[in-house]
Amino acid sequence: MNFLKIKFFPNKIVDYLYFLISNTLFLVLLISLIQYRIDEKNKNENMSEIMLFIPKIGDDFEEKRDLIFNQLSANSSIISVNKLEDREIKKLLSDFLINVKLSDEVIPEVYDVQVKQSKQFNFALINNKITKIIRGALIKELRYKKTNTVILFFFSFSVLISIVLLNNFFLIKIYLSKIKNYINISRYFGVNDSIIIRNQNISFFFLLNLVFLTSYPIIKILLKSYFNLFLLDDFSKIYMVIYFIYNFIFLFVLCIQCKMYMKKLNVL
Amino acid sequence: MIRLENFSLESSNGRKLIKDVNLFIPSGSTVLIYGKHSIGKTMLARAIGLLDKPAYGNLYLLGKSISKLNRSELSSIHNEIGIVFQENYFINEFDLETNIIFPLILKNERNKDISQALKELLPWLSLENIIKEKVYNLSIAELKLAQFARAIIGRPRILLLDSFFKDIDKNIQKKINYLILALKKIGTTIIVFGDPPDDMAINFNKKYIIYNKGLLER
């Protein structure tokens with residue numbers, strides 16, 4: 001006798017599988033959307049980047065480059081300098097130089113310069129110094145165009161939430177009609193309604209936990225591989241908040257639907 | 001104890017089947033209620049089994065007026081009723097064994113007690129060899145017996161048997177009569193709706209016929 005099946009999963013396995021798959025899909029979409037929006041917001045807040053360009057010219061290029069770094073190290077505003085890989089530079093340039101093959105020799109060395117936000121950075125002064133060392137060397141602040149995706153985000157978010165709610169509403173409705181005999185016979189033999197509702201809540205709580213467990217690695221892989229987004233530091237916090245809200249809303253709706261369905265089943 | 005007070009039943013199309021019936025059935029008694037086809041036997045069984053509401057009047061079960069009870073209190077009365085339906089009412093996804101015991105599992109009865117009750121009951125009804133079968137593979141008679149097993153496994157205080165005996169083999173009917181006697185001894189009130197068993201082995205305390213929308217004692 002399979003007591004767990006009798007108590008918690010009286011319907012066919014395919015119905016529970018459909019619930020798992022559809023909710024996993026919706027959850028992946030929902031989290032990806034939220035993650036993408038937060039990423040966009042962070043980008044918009046940090047819209048400028050300081051870059052250092054050093055053309056590879058002259059036989060004593062490496063020595064002169066070290067001189068430039070010596071100059072920069074004297075500036076207290078600069079925190080660190082990170083070299084960009086050649087392929088990253090090529091990728092950035094490919095947007096402008098369509099169908100042009102670039103040799104590694106002509107690509108300048110590019111550095112991402114991290115500076116203290118609070119201090120005013122004097123570009124003219126530094127540029128003056130470094131161009132004297134290597135002609136064409138340049139430190140420049142690049143400003144990006146702000147992207148305004150708030151409306152699009154809220155629209156997509158609302159549509160997705162509506163689909164999730166509607167899907168789950170009809171899913172529960174169909175599910176309850178499929179276990180109608182189970183509910184009826186249980187009641188005819190003295191099983192309290194609250195026991196049936198509690199058992200169904202436990203089973204769907206278990207399924208929702210499975211959904212959240214399977215979604216986590218999928219989201220991680222998807223964001224990293226396809227959208228080239230790295231998980232935010234507070235991703236686990238966001239995930240937990242969504243977990244609690246999703247569970248609460250679903251189980252609350254399930255309770256109400258169960259109660260209403262049982263009320264309709266017989267007149268007594 | 002079962003008491004009907006000015007009790008009336010109507011069919012779904014509004015036809016009056018039973019009108020202003022007053023009846024008292026004491027605990028531990030065995031009663032037969034019979035009559036022609038479509039005269040209201042099943043509706044009466046369903047009303048006493050708390051599946052349907054009467055059109056008018058009061059129904060008292062185990063000393064409580066049903067109309068005054070809330071859903072939770074009704075559940076506790078349902079707990080004391082075992083019912084064999086006219087139609088075979090089962091869950092196709094479950095095997096026969098699960099169909100018989102699942103209300104007990106949901107009520108958190110001990111697994112050991114359930115297994116023991118099943119072990120004692122099944123040989124009486126010759127169901128032990130088909131217990132793992134799916135219900136759609138079984139005959140009408142086997143399903144009726146399974147319904148009977150489901151109805152009595154929880155030791156109800158009221159047992160309602162609707163059109164039960166007509167499909168049952170005579171040898172098994174005798175065994176069922178013994179089970180009914182055992183239930184009587186523990187104070188179960190048994191009401192048989194429809195035809196009685198062939199050899200009339202059950203000693204009915206009272207017999208009623210539904211006639212002219214009333215219950216006449218025979």
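The secondary structure of chain B comprises six helices and ten strands, where helices (H or I, at least four residues) and strands (E, at least two) are DSSP runs numbered from the N terminus. The radius of gyration of chain B is 17 Å, close to the 17 Å that the globule rule gives for 218 residues, so chain B is as compact as a globular protein of that length; this radius is taken over C-alpha atoms, and the rule is 2.2 Å times the number of residues to the power 0.38. The model is predicted, so that local features need pLDDT of at least 70 and side-chain atom pairs count only at pLDDT 80 or more, whereas totals for chains, interfaces and linings use all residues. Residues are numbered from 1 along each chain as its sequence is written, and chains are lettered from A and ligands numbered from 1 in the order in which they are written.

Along its principal axes, the C-alpha trace of chain B spans about 45 × 40 × 35 Å. Of the 218 residues of chain B, 38% count as buried, a residue being buried if 20 or more other C-beta atoms (placed from the backbone) lie within 10 Å of its own, exposed if 12 or fewer do, and partly exposed in between. Among contacts in chain B between residues at least 6 apart in sequence, 72% join residues at least 24 apart; two residues are in contact if their C-beta atoms, placed from the backbone, lie within 7 Å.

In chain B, an open sheet of four strands has the order S2-S1-S4-S5, with antiparallel pairing, two strands being paired if DSSP finds at least two bridges between them. Its edge strands, each pairing on one side only, are strand S2 (16-25) and strand S5 (64-65) of chain B. Strand S1 (residues 2-10) and strand S4 (residues 56-61) of chain B run antiparallel and are joined by five bridges; Arg3(B) has Tyr60(B) as its bridge partner in S4(B), and Leu4(B) stands opposite Leu59(B). S4(B) is also joined to S5(B) by two bridges, again in an antiparallel arrangement, with Tyr60(B) opposite Ser65(B). The hairpin formed by S4(B) and S5(B) has two residues between its strands, and Leu62(B) in the turn has a positive phi of about 50°.

Ile158(B), located in strand S7 of chain B, counts as buried because 22 C-beta neighbours lie inside 10 Å. Although Ile158(B) and Ile2(B) are 156 residues apart in sequence, their C-alpha atoms are 8.7 Å apart in space. Leaving aside neighbours within four places in sequence, Ile158(B) is in contact with Ile2(B), Leu61(B), Glu80(B), Ile81(B), Thr188(B) and Thr189(B).

The largest nonpolar core has 75 residues, and those with the most contacts inside it are Leu44(B), Phe148(B), Ala149(B) and Leu160(B); such a core is a set of buried Ala, Val, Leu, Ile, Met, Phe, Trp, Tyr and Cys residues joined through C-beta atoms within 7 Å. Not counting residues up to four places away in sequence, Phe148(B) touches Val84(B), Leu125(B), Phe164(B) and Ile176(B). A second, separate core of eleven residues includes Ile54(A), Tyr111(A), Ile130(A) and Ala137(A).

Between the chains, 23 residues of chain B are in contact with 22 residues of chain A. On the side of chain B that touches chain A, the elements giving two or more residues are helix H2 (71-78) and helix H3 (96-106) of chain B. The residues of this side divide into ten nonpolar, seven polar and six charged, where Ala, Val, Leu, Ile, Met, Phe, Trp, Tyr, Cys and Pro count as nonpolar, Asp, Glu, Lys and Arg as charged, and the others, Gly among them, as polar. Ten of the eleven residues of H3(B) are buried, so this helix is largely enclosed by the rest of the structure. Its buried residues pack against helix H1 (3-8), helix H7 (180-188) and helix H8 (193-225) of chain A, together with helix H4 (111-121) and H5 of chain B. H3(B) is followed by Asn108(B), whose phi is positive, near 60°.

Arg155(B), in the loop between helix H5 (140-152) and strand S7 (158-162) of chain B, has a positive phi of about 50° although it is not a glycine.
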